Amino acid sequence: MTRRGARRAPERPIPPRVLVLHGPNLNLLGTRDPMIYGTTTLAEIDAELQVRATARGAAIEILQSNHEGALVDAIQGARGRCDAIVINPGAYTHTSIAIRDALEGVAVPAVEVHLSNLHAREDFRRESLVAARCVGQICGFGAQSYFLGLDAALAIVERRRAERPRDA
């Protein structure tokens, strides 16, 4: 409420907040199967994500865990706090109904990312239980998959904000 005649300060847009989740074994990036996953470390990916998010006026939170429950807790914690999720579920991609259900339960738009092209690898890696609860999946571009995933997540947030009715 403003006093009569007092000017209301212009509203600043709330910066988009994106949760970035890295699943099991991604802490080994840079040394684990460089022919498949490349030589870029997770710290390097996270640093670049931070730079790109800041350049777009967004804030990001980053978590890596080898534990399914920690990833589920992080997804649930994003509800009402984060505008989008970028997730590389790692091996949980193919097995975790819990992560799939968590993504469905929080209704925060998510983008699934993978360094390698899942569809060009072993048969068991070609199915994602998580993808059906994501807006989309990006895979096969190495570390660039994360950056494309962040761009996609921010585009989703911007579109939703533009479509949201404004207060009179």
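How many bridges join strand β4 (residues 110–114) to β5? Four bridges join them, and the two strands run parallel.

This is a predicted model, in which local features need pLDDT of at least 70, side-chain atom pairs count only at pLDDT 80 or more, and totals for chains, interfaces and linings use all residues. Residues are numbered from 1 along each chain as its sequence is written, and side-chain values use heavy atoms, with hydrogens and water left out.

**The sheet**

Five strands form an open sheet in the order β2-β1-β3-β4-β5, with parallel pairing. The edges are β2 (59–64) and β5 (136–139); each has a single partner strand, so one side of each lacks a neighbour in the sheet. From one strand to the next, the twist averages 20 degrees. Helices (H or I, at least four residues) and strands (E, at least two) are DSSP runs, numbered from the N terminus. Two strands pair if DSSP finds at least two bridges between them.

Helix α2 (residues 42–55) packs on this sheet and touches β1 (17–22) and β2. Contact means heavy atoms within 4.5 Å. The direction of α2 makes about 165 degrees with that of β2. Axes here are lines fitted to C-alpha atoms, for helices over the stretch in contact, and angles run from 0 to 180 degrees between N-to-C directions.

Now the individual pairings. Val-111 has Gly-136 in β5 as its bridge partner. β1 joins β2 through six bridges, and the two run parallel. Arg-17 stands opposite Ala-59 in β2. β1 also pairs with strand β3 (residues 84–88), in the parallel sense, over five bridges. There, His-22 stands opposite Asn-88 in β3.

**Covered and open places**

Buried means under 20% relative accessible area, exposed over 50%, and partly exposed in between (1.4 Å probe, protein chains only). Five of the six residues of β1 are buried. Helix α5 (residues 144–163) has buried residues too, including Tyr-146, Phe-147, Leu-150 and Ile-156. What covers the buried residues of α5 includes β1, α2, β2, β3, β4 and β5.

The length of α5 can be checked. At 1.5 Å a residue, its 20 residues should span 28 Å; the end C-alpha atoms are 29 Å apart, which agrees. The expected span is 1.5 Å times one less than the number of residues.

His-67 lies in the loop between β2 and α3 (68–78). His-67 is exposed, with a relative accessible area of 54%. Its C-alpha atom is 13 Å from that of Thr-95, 28 residues apart along the chain.

**Salt bridges**

Side chains of opposite charge can pair when their charged atoms come close. A salt bridge is a side-chain nitrogen of Lys or Arg within 4 Å of a carboxyl oxygen of Asp or Glu. By this rule the count is 11.

| Pair | N to O distance |
|---|---|
| Arg-17 and Glu-61 | 3.2 Å |
| Glu-48 and Arg-52 | 2.8 Å |
| Arg-126 and Asp-123 | 2.8 Å |

Arg-126 is partly exposed at 39% relative accessible area, while Asp-123 is exposed at 60%. Salt bridges that share partners join Arg-17, Glu-61 and Arg-81 into one network.

Arg-17 lies in strand β1 and Glu-61 in strand β2, so their pair ties together parts 44 residues apart in sequence. Arg-17 is partly exposed, at 30% relative accessibility. Glu-61 is partly exposed as well, at 22%.

Glu-48 and Arg-52 both lie in helix α2, four residues apart, about one turn of the helix.
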